[in-house]
Amino acid sequence: MADTVQPRDAKDVEAAVQWALAEGKTAEIVGHGSKRAIGRPAQTDLTLDLSALTGVTLYEPEELVLSAKAGTPLAEIEALLAANGQQLAFEPMDYAGILGGVAGRGTIGGALAANVSGPRRIKAGAARDHFLGFYAVSGRGETFKSGGRVVKNVTGYDLCKLIAGSWGTLAAMTEVTIKVLPRPETEQTLLVRGLEPARAIEAMTSAMGSSCDVSGAAHLPAGVAVRVEAGVIAADAVTALRLEGFSPSVAERKRMLEALMKPFGELATLEAPGSRALWTAVRDVAPFAADRSARQDEQPLWRISTAPSRGAELAAMIASAAQAQMFYDWAGGLIWVALGACDDAGAALVRRAVAAAGGHATLIRAPASVRAAIDVFAPQNAAVAALTKRVKESFDPRGVLNPGRMWAGV
Amino acid sequence: MPAPDQAVLARRESIVAALRAIVPGEGVIAAEREMRPYESDGLTAYRQLPMVVVLPETTPQVSRVLAFCHAEGIKVVPRGAGTSLSGGALPLTDGVLLGMAKFNRIREIDFANRLAVVEPGVTNLAVTEAVEHAGFYYAPDPSSQIACTIGGNVAENSGGVHCLKYGMTTNNLLGCELVLMTGEIVRVGGKHLDAGGYDLLGIITGSEGLLGVVTEITVRILKKPDCARAVLVGFASSEDAGECVAKIIGAGIIPGGMEMMDRPAIHAVEQFVHAGYPLDVEALLIVEVDGPRAEVDHLIARIEAIARSCRALTCRVSTSEQERLLFWAGRKAAFPAVGRISPDYYCMDGTIPRARLPQVLKRMRELSETYGLAVANVFHAGDGNLHPLILYDANKPGELERTEKFGADILKLCVEVGGVLTGEHGVGVEKRDLMPAMFSEADLKQQQRLKCAFDDKGLLNPGKVFPTLHRCAELGRMHVHAGRVPFPDIPRF
């Protein structure tokens, strides 16, 4: 069992990394550990637990900006924003359901390090798009900062983008600044029932190509839709389109969208409470939650990002060769695929399909032995792999921070 | 700038010949007269003829040019349309100027996936023009959009007046093809969202041509909003205008555009454009909302009410598309309008926390008196991006130097109040030496280490962004005290 140290402040984090560096030790960086089961299994000498670095250090609602220590609970930040009529527009998903953890955990640092997002990704972007600045300790044991506290800034390289989605392999963040946005006054969801995936993607493409300003577009095939406990318990496939904003605007766009969707199938509407519940279920991948059967954590779960127009074809390639259940978010561009238990977690099949259609796939859930044996993140060609390794070394030349979490040797 | 490499200059003829073997015909320009148009970019105070200009047409040519320069230790400066306001494309006397203007094709328009695949020499406006027949547009709209290229937009992470709502360039890209200094060709992203590994696209965007040369870009396109309306509001003070901006955002409204001008800017513009701006106000605000008709009408009414609660002296709502465009015509002509009343002007580009605006304007007026130079302000009020225009006459001895000092003081002031040196124009050569006002030595060294990961010999656009150049070997050196650092006093479990 790795030694766990819990720094009290940024200075402690720097001291801990310097010590690890001097001793030739490696360190796993964790906040609440809510996404710890994602990636290649860690075998580090030390666990650097940043969950004691808490507290919102700056919040100016009218400037749309918030700064917090990296270990601040995401739930605390979301509650503070909600009390001020604001939100994190990137709609961070909660992995607890699919990974079998406790709901509502996770830190702001973890959300940024994993570049989380949700259904609103298609309109508002991912965590990366809202990440304005940070302080961090590099694998060299040096404290550095990037960005600032203003939303428009091109001073120096945009290291926020690189740190977002680097899964703690480049630096240990100690304090972050993010852009926050107004929470929509209301929302409604238009449902289209009974569509096959290819037809559903046509419907979603048509909706996204309209001026209805759709902020969520998901398709739950029959058999998956029934698993969503959101007032839409349906035996049939459901295609859902979310509209958010000021009431008069939502009402007008709903009329426009109904006219557009009428030719596709039978329509129904979810009012705000049902809509919120549905999109939380889609965001957190409720249909494939781990607790539905004791054995499901053995069943691999893939997250695939592709061009929306290729989504149905990619899914069909996988479904033709394996026992698979899947649903689509991001208008068809995000596919969650749950496979039956198999040796390589279906990697060969999934990678082949993704190579044909374009995009990338991440193995989000699989037993540790499988994650240790195969690539969890998208395999890279030689040039990109070499560049990735050089980027890692520019921050962490001795491989102290989360070594091997994303790829062996990185 | 880095000291010219005499050995490279001595080999100029053979270098030119080698480049001609890679890029045939008129793609290599070595005659002084023909290189003249490339001697500066939008920051015309700085001029330098390059050693040679190369205008490749294909990715393999770019790759071979860079591989050759890497092997030979020759510096390279990439250039799009040359509209940079920070000297990002300023040539080097011993460097190749790599012009990307011939990469001017739109390779693919994919309405189903709402994207376009374009070459870097395509102008910003041309992307919108290529998709507008289907009701789409490309959101980032820097004021140079008629001339500036997408490749340059990627390098500078360009913004525009609509970025509070629609984001900067970095929020509107999906992928790119990039040639590294070694000549290696790397594809990043594609038609899908987010990176499968490190967000290399995110780090390339805004890297000011220091990390690689982009040869293809996939941009997101958006459906045009059904309608847009604007409100023109005059205030007796910048405090009142600032309060109005804060209250609009506080009400949960993110306008498509929100621009502020101070009295000198209003007067210069009104004389030039006759947009009907009120002249007896200290601050003028243009607030535009876009979307479906019902939303726009609803929000315009709310914004009017907020403006009146903030003691607006005048408040005009556009009643036609023509009137809306007239409101904007003034703002968009602000720079040339100032150019009319002064022989020269120097455009600054800091960003500040919005609430500090009155304090910054007051200090700027004091500095204006100290330096004896007038200043007019236009301000992207929504996101705090301030463009002070310093009025000067380059023909008066010492006035340019005084202007630059005044400008530096303004940018330092922006950093002091919690802002940054540049919101959208880039660091380039212009703000390079001010970087230590915002970043520590450790911050800057970490950024330069990242550059080493892309360009180990420091040949791509050196002399820009970073005040001090370090060798990669020196930056990579570590001082590890093996076994001699005691375990720190940190809680352990």
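Start in chain A, where Val56(A) has Ala68(A), a residue of strand 5, as its bridge partner. This is a predicted model.

Five strands of chain A make it up, in the order 4-5-9-7-8. The sheet is open, and its pairing is antiparallel. Which strands stand at the edges? Strand 4 (56-60) and strand 8 (143-147) of chain A do. Each has a single partner strand, so one side of each lacks a neighbour in the sheet. From one strand to the next, the twist averages 15 degrees. In general, the strands of a sheet pair through backbone hydrogen bonds.

A helix packs on this sheet. Helix 1 of chain A, residues 10-23, touches strand 7 (131-138), strand 8 and strand 9 (171-179) of chain A. The direction of helix 1 makes about 145 degrees with that of strand 9 of chain A.

Next, look at the backbone in two loops of chain A. Most residues other than glycine have a negative phi. Glu91(A) has a positive one, near 55 degrees. Where is Glu91(A) placed? Its loop lies between strand 6 (86-87) and helix 3 (96-99) of chain A. Is Glu91(A) buried or exposed? Glu91(A) counts as buried, because 22 C-beta neighbours fall inside 10 Å and the cut-off for buried is 20 or more.

Asp213(A) also has a positive phi, near 55 degrees. The loop that holds Asp213(A) runs between helix 7 (197-208) and strand 12 (214-220) of chain A. Asp213(A) is buried, because 23 other C-beta atoms lie within 10 Å.

Finally, turn to the contact between the chains. On the chain B side, 85 residues are in contact with 85 residues of chain A. Several helices of chain B contribute. Helix 8 (200-204), helix 9 (238-250), helix 11 (293-309) and helix 17 (441-454) of chain B each supply at least two residues to the side that touches chain A. Which helix of chain B gives the most to that side? Helix 17 of chain B does, with eight residues. What is the make-up of this side of chain B by class? The side of chain B that touches chain A has 37 nonpolar, 31 polar and 17 charged residues.

Definitions and conventions. Residues numbered from 1 in each chain as written. Chains lettered and ligands numbered in written order. Predicted model: local features only at pLDDT ≥ 70, side-chain atom pairs only at ≥ 80, totals over all residues. Helix = DSSP H or I, 4+ residues; strand = E, 2+ residues; numbered from the N terminus. Buried ≥ 20, exposed ≤ 12 C-beta atoms within 10 Å, placed from the backbone. Pairing = 2+ DSSP bridges. Axes fitted to C-alpha atoms, helices over the stretch in contact; angles between N-to-C directions. Contact = placed C-beta atoms within 7 Å. Nonpolar A, V, L, I, M, F, W, Y, C, P; charged D, E, K, R; others polar.
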